[in-house]
Amino acid sequence: MLVCMTAALTIAFVPGVSPAKWVRVWRDRHPDVELLVRPIGHDQVDEVLAGDADMVFARLPVSDALHAIPLWTETAVVAMPKDAPLAERDDVTEADLAELDVLDSGPVPADVDAVLDLVEANVGVAVLPQSLFRAASRKDLVARALVGSPGTRVALVWRDDDATETTEEFIGVVRGRTANSSRRPQDQSADTEAEATTRPSRSGSGTGGKGAKAGTAGGKATAAKQGGGKKGGNRQANGKAPSTGRGRGPGIGKTKGKPSRGSKGNR
């Protein structure tokens, strides 16, 4: 059974994934509930959810023990030096890769900076999400879309034990629910049929997904449990990402560091 809104909500995010637009909407809509935002490493999802984080924007797959709402699909790109022969192309195929020295075939390198250092040294090429390449800002490198790659799925994930009225409200923000929308009891059973927000990529439009327990390869998820009173239940979506808040600064800039234990323990 869900409890009252908490005094604070802690959201974490992995590199290359920005929750800023949802943070702005939340702070505009719920100024009385503090939202703490913190970056984490690719491999810290389970650790922070077991600690002080309530929810995480992560890349699939994740642990089967977590609930997930797939949000969008990132384009996979091949990072290479600007003067590489394939740099003049718009995209790269798997057949092209077979002729190259691939330092990391993705989907996400364990150490992005280290592998891009090697690419800059002209040791080989690397496959990674386009958002990570852009975040690295390597001026001597270019990225070309990898044709036929499924890319990587980004999802909002949380533990069942951490589901509260506050996390339900944040899910509503991510799904695009307006401040004036209401949830009728007869609509609750249809929550698991709601599609998540999508974000198109340059090589093809991203695909959304249903609320789910996730962790399977390729970001596939099984349907979430139905029932209006379940923890972590999904809400009806309109398929669009919410607009930014009115006059609020970027959410990440207001991060206050590691929150007190009250963010998860005072519900």
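Predicted model: local features only at pLDDT ≥ 70, side-chain atom pairs only at ≥ 80, totals over all residues.

Q: Why is aspartate 113 called partly exposed?
A: Aspartate 113 has a relative accessible area of 47%.

Q: What makes aspartate 113 and arginine 138 a salt bridge?
A: Their closest N and O atoms are 3.7 Å apart. The rule asks for a side-chain nitrogen of Lys or Arg within 4 Å of a carboxyl oxygen of Asp or Glu, so the pair counts. The pair links distant parts of the chain, 25 residues apart. Aspartate 113 is in helix H4 (residues 112–120), and arginine 138 is in the loop between helix H5 (130–136) and S9.

Q: Is arginine 138 buried or exposed, and how do you know?
A: Its relative accessible area is 15%. Buried means under 20%. Therefore arginine 138 is buried.

Q: What makes glutamate 120 and arginine 138 a salt bridge?
A: Their side chains meet at 3.2 Å, N to O. The limit is 4 Å, so this pair counts. Glutamate 120 is in helix H4, 18 residues from arginine 138. Salt bridges that share partners join Asp113, Asp117, Glu120 and Arg138 into one network.

Q: Why is glutamate 120 called partly exposed?
A: The relative accessible area of glutamate 120 is 35%.

Q: Which labels do arginine 38 and aspartate 52 get, and why?
A: Arginine 38 has 21% relative accessibility. Buried needs under 20%, so arginine 38 counts as partly exposed. Aspartate 52 has 5%, so aspartate 52 is buried.

Q: Why does arginine 144 have no salt bridge?
A: The nearest side chain of opposite charge is aspartate 90, 5.8 Å away. A salt bridge needs atoms within 4 Å, so none is counted for arginine 144. Arginine 144 is buried and is found in strand S9 (residues 141–146). Leaving aside neighbours within four places in sequence, its contacts include Val77, Met80, Leu86 and Asp90.

Q: Why is proline 19 called buried?
A: Its relative accessibility is 0%. The cut-off is under 20%, so proline 19 counts as buried. Proline 19 is in the loop between S1 and H1. Its C-alpha atom is separated by 7.5 Å from that of phenylalanine 57, 38 residues apart along the chain.

Q: What makes helix H1 mostly covered?
A: In helix H1 (residues 20–29), 8 of its 10 residues are buried. Among them are Trp22, Val23 and Trp26. The buried residues of H1 pack against strand S1 (8–13), S2, S3, strand S4 (66–74) and helix H6 (165–175).

Q: Why are asparagine 122 and serine 137 called exposed?
A: Asparagine 122 has 58% relative accessibility, and serine 137 has 53%. Exposed means over 50%, so asparagine 122 counts. Serine 137 counts too, because its value is over the cut-off.

Q: Which kind of peptide bond runs from leucine 60 to proline 61?
A: Most peptide bonds are trans. This one is cis, with omega near 5 degrees. Proline 61 is in the loop between S3 and S4. The bond from glycine 106 to proline 107 is cis as well, with omega near 5 degrees.

Note on methods. Residues numbered from 1 in each chain as written. Heavy atoms only, no water. Helix = DSSP H or I, 4+ residues; strand = E, 2+ residues; numbered from the N terminus. Buried < 20%, exposed > 50% of the residue type's maximum accessible area, 1.4 Å probe, protein only. Lys, Arg positive; Asp, Glu negative; His and termini not counted. Contact = heavy atoms within 4.5 Å.
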